[in-house]
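Please keep the view open as you read.

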Amino acid sequence: MQQPLTPSEIVLELDKYIIGQREAKRMVAIALRNRWRRQQVPEHLRDEIAPKNIIMIGPTGVGKTEIARRLARLAQSPFLKIEASKFTEVGYVGRDVESMVRDIMELAVSMIRAEELEAVKVKAEEVAEEKLLDILLPPKRQPEPPKESYPSEHEALKASEEEAQQADSTRQKLRKLLRKGALDDRYVDLEVTDRSFPMIEIFSGSGMEDMDQNLREMLGSMMPRKTKRRKVKIPEAREILVQEESQRLIDMDKVVKLAVDRVEQSGIIFLDEIDKIAGRESTRGPDVSREGVQRDLLPIVEGSTVTTKYGMVRTDHILFIASGAFHIAKPSDLIPELQGRFPIRVELKSLTQEDFVRILKEPENALIVQYLALLKTEEVELVFENEAIDEIALIAYEVNSRTENIGARRLHTIMEKLLSEISFNAPDLKGQKITITKQYVHDILSEIVKDEDLSRYIL
């Protein structure tokens, strides 16, 4: 495992993709670093240190989910992002809250398995190469000599040594050709495991996916493993053999044990749209299970033991980061017990016109960079003047102020409308340079921005 990033390094990494929201970045960075700090304290104190769960509050499109996505890439630990609105109270059709622990466990097993496969890759490649050479140059079967002409022991030994040297020399020549890629066009016959097993479909409501998967795996393991003969090119044969050898070399019991430990000690679950399950008033219809979901969520967040197909998993030290717009509901509408389990609250600010300018220009995956790259594939050079970028940012800010505030997502709709004509005609504009000026932006978008009813539908 690499050396974990410091809080300032985490913030710097997040700054490459997310503009502003410094406070939220700092809190998330501290929470992530505390995962590592807890592992360094004496063992008798380690279990007493509970994770400081976070609620991020802010309007849509300001970076809450993007912080989670980028954090997932930085976190050297199992990370699951899931919408709280997917869950239903136990007894209703839908996913129960424990399924998120099973999901993060699956992710952890995949993560550890990938690490183990990488560790045995060199050994697997060596074994696969030897097997491939055996297929290309099968060992010769010694012919039975006639009874009347049995050679002496010395002659037989000498003959076998010569044959062994000759075979070894041929094998080494083949090995060189194989590594150079000179044999890549040749076909070989390969015995491969037939992984297909009878299709089984459980007709049930959502929430039964685990049962469906477990039943498939159980029946798949009961069926006798069949092999089938395939004629494949040497590069594909090498890949198949490497995969089979890698599977044999890794110890799945060890993988599961490490995965359980990693989930329990450093797992992070990001609960998006938590405001959609807030609201304690008794209502009818689709909101009937809101408070029920909160009650079901409470034991998971405060620490309980969940049964998964890999064994029991404790959630005491899993870090939970929740986020929501809280337009209608407020954090205080969550049940008090759940509020108490999220001690850190961070408010994300609405985006200003200056933020929109920076979003268009600064991040490594900035919208303008994306459009330049897309049109470059058609050999069209697109140039944005600074005044044009300022005008786009101003329009985005004005439309957000007058209609629904959807944050940075407004820029996507505006850019698509602005460049739709160029994108459509790009194949016919090959080799041309197109400059986007302030006047061009004004000509395309001004009428739509003026007409508020129209801008509600188009922008």
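Let us begin with Gln21, which counts as buried because its relative accessibility is 10%, under the 20% cut-off. Its backbone deserves a look too: Gln21 has a positive phi of about 55 degrees although it is not a glycine. You will find Gln21 in the loop between helix H1 (7-15) and helix H2 (22-40). This is a predicted model, so please read each value here as computed from that prediction.

At 10% relative accessibility, Phe326 counts as buried. The table sets out the two residues.

| Residue | Phi | Relative accessibility |
|---|---|---|
| Gln21 | about 55 degrees | 10% |

Now for the chain as a whole. Its secondary structure comes to 18 helices and 11 strands. Of its 459 residues, 40% count as buried. If you take the contacts between residues at least 6 apart in sequence, 79% of them join residues at least 24 apart.

In soluble globular proteins, nonpolar side chains tend to be buried together. Here the largest nonpolar core has 59 residues, and those touching the most other members are Met56, Phe384, Ile392, Met415, Leu418, Leu419 and Ile436. Helix H15 (residues 386-402) gives the most to this core, with 7 residues. A second, separate core has 40 residues, including Ile82, Ala84, Met105 and Ile269.

What does Ile436 touch, leaving aside residues up to four places away in sequence? Its contacts are Leu382, Val383, Phe384, Glu385, Ala388, Leu418, Leu419, Ile422 and Val441. One of these, Val441, is a buried residue of H17, as are Leu445, Ser446, Ile448 and Val449. Helix H17 spans residues 438-450 and bends by about 40 degrees at Ile444. An α-helix has 3.6 residues a turn, so residues three or four places apart point the same way.

H4 supplies the largest share, 4 residues. By class, the lining of the second largest pocket has 11 nonpolar, 8 polar and 7 charged residues.

How many cavities of 30 Å³ or more does the count find? It comes to 2 cavities. The largest cavity has a volume of about 40 Å³. Its lining is made up of Asp47, Glu264, Gln265, Arg314, Thr315, Asp316 and His317. Sorted by class, the lining of the largest cavity has no nonpolar, 3 polar and 4 charged residues.

Note on methods. Residues numbered from 1 in each chain as written. Predicted model: local features only at pLDDT ≥ 70, side-chain atom pairs only at ≥ 80, totals over all residues. Heavy atoms only, no water. Helix = DSSP H or I, 4+ residues; strand = E, 2+ residues; numbered from the N terminus. Nonpolar A, V, L, I, M, F, W, Y, C, P; charged D, E, K, R; others polar. 1 Å grid on protein atoms, 1.4 Å probe; cavity = no way out; pocket = protein on both sides within 12 Å on 5 of 7 lines; lining within 4 Å. Points joined across faces, edges and corners; volume = space filled by probe spheres on them. Core = buried A, V, L, I, M, F, W, Y, C linked by side-chain atoms within 4.5 Å. Buried < 20%, exposed > 50% of the residue type's maximum accessible area, 1.4 Å probe, protein only. Contact = heavy atoms within 4.5 Å. Bend = angle between axes of the 7 residues up to and from the residue.
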